[in-house]
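Hi everyone, thanks for coming along. I'll take a few minutes to walk you through a structure, so please keep the view open and follow along.

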Amino acid sequence: MNALSQTSTIVKYSQVKKSYGDLEVIKGIDLSIAPGEKVALIGPSGSGKTTLGRMLMTLEEPTGGTIQVDGQLLWHEEKNGRFVRAGEKHLHRMRERIGMVFQHFNLFPHMNVLDNVASAPRKVLKLHKREAKERAEAMLAKVGLADKIDVYPSQLSGGQKQRVAIARALVMNPKVMVFDEVTSALDPELVGEVLEVIKDIARQGDMAMMLITHEMDFARDVADRVVFGADGRIVEEGPPKEIFENPKSDRLQSFLGRFR
Amino acid sequence: MWDWDYAWSILPELAASFGTAFSAMAWGFAMACMGGLILVAAGRSRLAVLRLPARGLVQFIRNTPLLVQLFFLYYSLPMAIGIAPSAFVTGVVGLGLHYSTYMSEVYRAGIEGVPKGQWEAAKALNYNGRQTWFTIILPQALPPMIPVMGNYLIVIFKDTPILSAITLVETLLTAKNLTSVSFRFFEPYTLVGVLFLIICVIFSFLLRRIEVRFNRHHLGSKQGASRSFGRRKHERTQPNVDNREVFPG
Ligand SMILES: Nc1ncnc2c1ncn2[C@@H]1O[C@H](COP(=O)(O)OP(=O)(O)OP(=O)(O)O)[C@@H](O)[C@H]1O
Ligand SMILES: [Mg+2]
């Protein structure tokens, strides 16, 4: 297991596998993401997209292979010259570089919007209270919610909730962020505002993004590269133009056919 | 049949005897709260040496009668360990131990009532374990526990007469002692029942006030404007705990 850093990748999955009991849902995936690169992950339901993202966010542990983040192994650490399963301390250090936005927002219902965003900078980054607040306010302004600062999540629309969740993840300034179907739980008329915010971030940011999505137009617009997976394997990948206009595999052709 | 003069004459002694009942309740409840915390922590532990005994103890205590536990603690155990604590100490330990298993269930249900997504969001934001518990989980898990814990406080109070069986002179035994002097059975026991009723009603009224107060505070009194939106609903269900009714209905 060689953990040497490769500066051209921020995330590198190598032969990653994941099983739940007897069910193997990720069957050996190799995938690299360059710093600042926006990678869209598409594929049929149950193909393992969420699992792939959750393993990067350290919410699920792979059952095989390695993931490197920023040149360091994520789930392994070196002890006495050997690589062993990572302890909580190592994972904590690695998570500084990783963020995630969830399909169901997972906002903290007992905190108002400002505290939802400012709490982690204050507690985790140990920023001064005032600075955490300023950063949070700036981030909320960026997602168009400057006027909702002291409202509670239950009083927001789904689109607003998701924008708060995006601000909350962004304020931690990760190097790579997983967006797991962040518009799937929204009413159709609210999808647009969230996608616009993400496009905005994608345009100005040097943050790498893993965009798990069923929105093909959005993937085409935002992604530098599209990865199509099915049954726990990567079937085809390439630039959006290639993937959407000239799909090679039968699986991808029939998958895209459903969106026409 | 009912002798008002006699009733009035024993009332002060009966009322005073509630002092013992109250302290047994308070100490027993405190012990149950602490013990429940230990049991729930051990029961959730990754270490089987902690988890299995804790779960076993909970099952054991819940499936034996409180009265039997008290007899064991008061009469049998001292023979084995060679020290015999007072009836009061034994009673408090018995109540505390017994209700700590119910309290651990209240905690467990409260904690599990917090959706998994909250833990995951905390992890994604890189909170450490302690921060996750204190900033994310407990603030959501505690408010729904308050009324259930209050319920148990009253249940424990109502169980204090059981301690008369191990010779603790609390209210019931005080009444019994009165009957053996006067040979009047009607007034003492009726009065005990009425006094318990009055105290329990007052208790539950106070608890409801505390509950409302706690929730209002919890709903975020920091912000004025959003209060007008009405009670903020938790995005979660109430914990489904073994909620023994204090009063039917
Ligand atoms: N905790 C779990 N235990 C058992 N099986 C699981 C678990 N999580 C996911 N799976 C299974 O793993 C497979 C991949 O799930 P995953 O959620 O990663 O798919 P997905 O590509 O995100 O699908 P969707 O588009 O529906 O979100 C599915 O068959 C799912 O049932
Ligand atoms: Mg998914």
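Let's start with Ser14 of chain A, which lies in strand S1, residues 11-20. Before I go on, one reminder: this is a predicted model. So, is Ser14(A) buried or exposed? The cut-off for buried is under 20% relative accessible area. Ser14(A) has 19% relative accessibility, so it counts as buried. And what does Ser14(A) touch, leaving out residues up to four places away in sequence? The answer is Ile29(A), Asp30(A), Gly65(A) and Thr66(A).

Okay, now zoom out a bit. UniProt, in an unreviewed entry, has the annotation "domain: ABC transporter" on residues 11-256 of chain A. That span is 37% helix and 28% strand, and its end C-alpha atoms lie 27 Å apart.

Next stop is the ligand. Which residues sit around ligand 1? From chain A we have Tyr20(A), Val25(A) and Pro44(A), then the run Ser45(A), Gly46(A), Ser47(A), Gly48(A), Lys49(A), Thr50(A) and Thr51(A), and finally Glu181(A) and His214(A). If you sort that shell by class, you get three nonpolar, seven polar and two charged residues. Helix H1 of chain A, residues 49-56, gives the largest share of the shell, with three residues.

Let's look at some side chains there. Ser45(A) has a polar side-chain atom 2.5 Å from an oxygen atom of ligand 1. For Thr51(A), a polar side-chain atom also lies 2.5 Å from an oxygen atom of the ligand. For Lys49(A), the distance from a polar side-chain atom to an oxygen atom of ligand 1 is 2.8 Å. How much of the ligand gets covered by the protein? On its own, ligand 1 exposes 640 Å², and the protein buries 61% of that.

Now find helix H3 of chain A, residues 113-123. Nine of its 11 residues are buried, so the helix is largely enclosed by the rest of the structure. If you want to click through them, the buried ones are Val113(A), Leu114(A), Asp115(A), Asn116(A), Val117(A), Ala118(A), Ser119(A), Ala120(A) and Pro121(A). What covers them? The cover includes helix H4, residues 129-142, and helix H5, residues 158-170, both of chain A. At the N-terminal end of H3(A) there's a cap, Asn112(A). A side-chain oxygen of Asn112(A) lies 3.2 Å from the backbone nitrogen of Leu114(A).

A quick word on backbone angles. Most residues other than glycine have a negative phi. Phe105(A) isn't a glycine, yet its phi is positive, about 65°. You'll find Phe105(A) in the loop between strand S8, residues 98-101, and H3 of chain A. Its relative accessibility is 11%, so Phe105(A) counts as buried.

Asp231(A) is another residue other than glycine with a positive phi, near 50°. This one lies in the loop between strand S11, residues 225-230, and strand S12, residues 233-238, of chain A. Asp231(A) is partly exposed, with a relative accessible area of 44%.

Glu196(A) is in helix H6, residues 188-204, and at 45% relative accessibility it counts as partly exposed. Glu196(A) and Ser32(A) are 164 residues apart along the chain, and their C-alpha atoms are separated by 26 Å.

Then there's Arg95(A), in helix H2, residues 88-95. With 2% relative accessibility, Arg95(A) counts as buried. Again leaving out residues up to four places away in sequence, Arg95(A) touches Met57(A), Thr58(A) and Glu88(A), plus Lys123(B) and Asn126(B).

That takes us over to chain B. How many helices and strands does chain B have? Eight helices and zero strands. UniProt, again in an unreviewed entry, puts the feature "domain: ABC transmembrane type-1" at residues 14-207 of chain B. Over that stretch the chain is 83% helix and 0% strand, with the end C-alpha atoms 24 Å apart.

A few numbers for chain B to finish. Of its 249 residues, 46% count as buried. Take the contacts in chain B between residues at least 6 apart in sequence: 78% of those join residues at least 24 apart. The accessible surface of chain B comes to about 13400 Å², and 67% of that belongs to carbon and sulfur atoms.

How values were computed: Residues are numbered from 1 along each chain as its sequence is written. Chains are lettered from A and ligands numbered from 1 in the order in which they are written. This is a predicted model: local features need pLDDT of at least 70, side-chain atom pairs count only at pLDDT 80 or more; totals for chains, interfaces and linings use all residues. Side-chain values use heavy atoms; hydrogens and water are left out. UniProt positions are given in the numbering used here, feature names are shortened, and annotations may be inferred rather than shown by experiment. Helices (H or I, at least four residues) and strands (E, at least two) are DSSP runs, numbered from the N terminus. Buried means under 20% relative accessible area, exposed over 50%, partly exposed in between (1.4 Å probe, protein chains only). Contact means heavy atoms within 4.5 Å. A polar contact is a pair of N or O atoms within 3.5 Å; within protein, one must be able to donate a hydrogen and the other to accept it, and residues adjacent in sequence count only if both atoms are side-chain atoms. A residue is near a molecule or strand if one of its heavy atoms lies within 4 Å of it. Accessible areas come from the Shrake-Rupley method with a 1.4 Å probe; for residues, only the protein chains shown count as cover. Ala, Val, Leu, Ile, Met, Phe, Trp, Tyr, Cys and Pro count as nonpolar, Asp, Glu, Lys and Arg as charged, and the others, Gly among them, as polar.
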